[in-house]
Amino acid sequence: MQGARMTPAIRVENLSKRYRLGSARGNNNLTENLAAAARRAWRGLTRRPDPADHRDDFWALKDVSFTVHPGEVVGVIGRNGAGKSTLLKVLSRIVEPTGGRAEVRGRMGSLLEVGTGFHSELTGRENVYLSGSILGMTRREIARRFDSIVAFSGVEQFLDTPVKRYSSGMYVRLGFAVAAFLEPEILIVDEVLAVGDATFQRRCVERMTELARGGRTILFVSHNMQLVPLLCSRAVLLSRGQVERVGSASDVTRHYLEDMMADARTGDLRDKPRTGDGRARFVRAEVVDEAGRPLAQFPTGTDLTVRMEIESTVPVPDVAVSVILATQHGNRLVTGWTKEVGHRVDLRPGRQVIDCRFRAAAFRPGHPLLAHLWLSDGEVLDWVENALVIDVAAAGRYENFSPDAHQGPVLFDYDWREVPAGG
């Protein structure tokens, strides 16, 4: 066993990935491409760097190093934009790294974002066999596992339909079944499991547990901070493209949650990690009372108003704004969405304030909530995870309700009554 651990299944050494922001724009004709190539060649000969070459560089990964041993289940965690998905794409040979190296020893199956790995024009049946052949399996080996794949995915009725007509849920169910039942030695899974329902997610976790017990190596990206310590032995925490911590899954997730909660209490969102095209962005968020005064704690059972300050650089008509409330472990509870209730929002240059009010919001006291904020006009303008911590205090009719988190995060008014037997 000791010898097996000497040769990692995955070895990542000083891995970096740089993107040139805007480098693909305005450079689509032959004359411009030749001119750009000539300029690069001249700078190389004269050794005179052009400052503009690095002005718009974005390092999605920077000097990332870690190892995963055979049979280990390792979680990759971090905030939105930390580099998690880029890392998995490099390991899956979808994206070429800018520097460093990534070694993967063994047959690998990967399930990344919806749409990766399948040919959209082929049917579900054809994609199963294509995926197996890419993994180096014979047709007989694939056929032996075919029924298990179909049974797990639940798409039997649509097997001979091109996958481009599948819903995102069907796509993910079949994709996971292919990745998990064609028995790769290494399985890489992104957060796409969130697309499925609770039953499907539970079955996926059970299958990954089975694979781990069978000696398979799994690298798993998730925002669910309860699931990671249960499924994984170790975890890698990424922050702004770099490794912040590697260690036991319980220690790393605890550190991440503590840091995240402390950072989300300020209300100032200007320097928060985020994704989006930057035309408009959230700059502040807070919980306020009926008079608009900031609240240090939210009294459960009252109206919960999240006030957001948005700064726009250009006019953006008819945008969608969402507030997503979740537990500190990443389980989503409720979403407030302007489009769902027909509230139109037109952004103008400068700053403006918008409130989202959840009426009589009853959450179990003593357990903080996290608010994620989303802004879109079809393209993502701004997406800030863990934008705000909401501390929940006991109040009113819920004063004596249990603070035990195992009783569930949401409260309802309820009563009991005796019913005469037989009546």
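In which handedness of crossing does H5 pass H6? I looked this up before anything else. H5 passes H6 in a right-handed crossing. A crossing is right-handed if the near helix is turned clockwise from the far one by less than a right angle, and left-handed if anticlockwise.

**Ground rules**

I note that this is a predicted model, in which local features need pLDDT of at least 70, side-chain atom pairs count only at pLDDT 80 or more, and totals for chains, interfaces and linings use all residues. Residues are numbered from 1 along each chain as its sequence is written, and side-chain values use heavy atoms, with hydrogens and water left out.

**Overview**

I counted elements in the protein chain: 10 helices and 19 strands. Helices (H or I, at least four residues) and strands (E, at least two) are DSSP runs, numbered from the N terminus. The protein chain has 423 residues, and 43% of them count as buried. Buried means under 20% relative accessible area, exposed over 50%, and partly exposed in between, with a 1.4 Å probe and protein chains only. I also checked contacts between residues at least 6 apart in sequence: 72% join residues at least 24 apart. Contact means heavy atoms within 4.5 Å.

**H5 and H6**

I went back to this pair. H5 covers residues 124–134 and H6 covers residues 139–153. They pack at an angle of about 130 degrees, with their axes 10 Å apart. That makes H5 oblique to H6. Axes are lines fitted to C-alpha atoms, for helices over the stretch in contact, and angles run from 0 to 180 degrees between N-to-C directions. Under 35 degrees counts as roughly parallel, over 145 as roughly antiparallel, 65 to 115 as roughly perpendicular, and the rest as oblique.

I listed the residues that meet. H5 brings Arg125, Val128, Tyr129, Gly132 and Ser133. H6 brings Arg139, Ile142, Ala143, Phe146 and Ile149. This contact divides into 6 nonpolar, 2 polar and 2 charged residues. Ala, Val, Leu, Ile, Met, Phe, Trp, Tyr, Cys and Pro count as nonpolar, Asp, Glu, Lys and Arg as charged, and the others, Gly among them, as polar.

**H4**

How many of the residues of helix H4 are buried? I found 6 of the 8 in H4 (residues 84–91), so this helix is largely enclosed by the rest of the structure. The buried ones are Lys84, Thr86, Leu87, Leu88, Val90 and Leu91. Arg93 follows H4 and has a positive phi, near 65 degrees.

**The mixed sheet**

I traced an open sheet of 6 strands, in the order S5-S6-S7-S3-S8-S9, with mixed pairing. S5 (108–111) and S9 (242–248) stand at the edges with a single partner strand each, so one side of each lacks a neighbour in the sheet. Neighbouring strands are turned by 15 degrees against each other on average, direction ignored. Two strands pair if DSSP finds at least two bridges between them. S3 (residues 73–77) and S8 (residues 234–239) pair in the parallel sense over 4 bridges. Ile77 stands opposite Leu237 in S8. H10 lies across S3, S8 and S9, and runs at about 135 degrees to S9.

**The antiparallel sheet**

I then followed 3 strands in an open sheet, in the order S10-S12-S16, with antiparallel pairing. S10 and S16 (350–358) are the edge strands, each pairing on one side only. The twist averages 20 degrees from one strand to the next. S12 (residues 304–312) and S16 share 9 bridges. Glu309 has Val353 in S16 as its bridge partner.

**S17 and S18**

I looked at this hairpin too. S17 (residues 369–376) runs antiparallel to S18, and 7 bridges join them. Leu370 stands opposite Val389 in S18. The hairpin has 3 residues between its strands, and Gly378 takes a positive phi near 110 degrees. In S18 (residues 380–390), 10 of the 11 residues are buried, so the strand is largely enclosed by the rest of the structure.

**Two single residues**

Is Ser322 buried or exposed? Ser322 counts as buried, at 4% relative accessibility. This residue is found in S13 (residues 316–327). Beyond its neighbours within four places in sequence, Ser322 is in contact with Thr335, Gly336, Trp337, His372, Leu373 and Trp374.

Gly278 lies in the loop between H10 (249–263) and S10 (280–288). Gly278 is partly exposed, with a relative accessible area of 37%. Not counting residues up to four places away in sequence, Gly278 touches Thr313 and Leu381.
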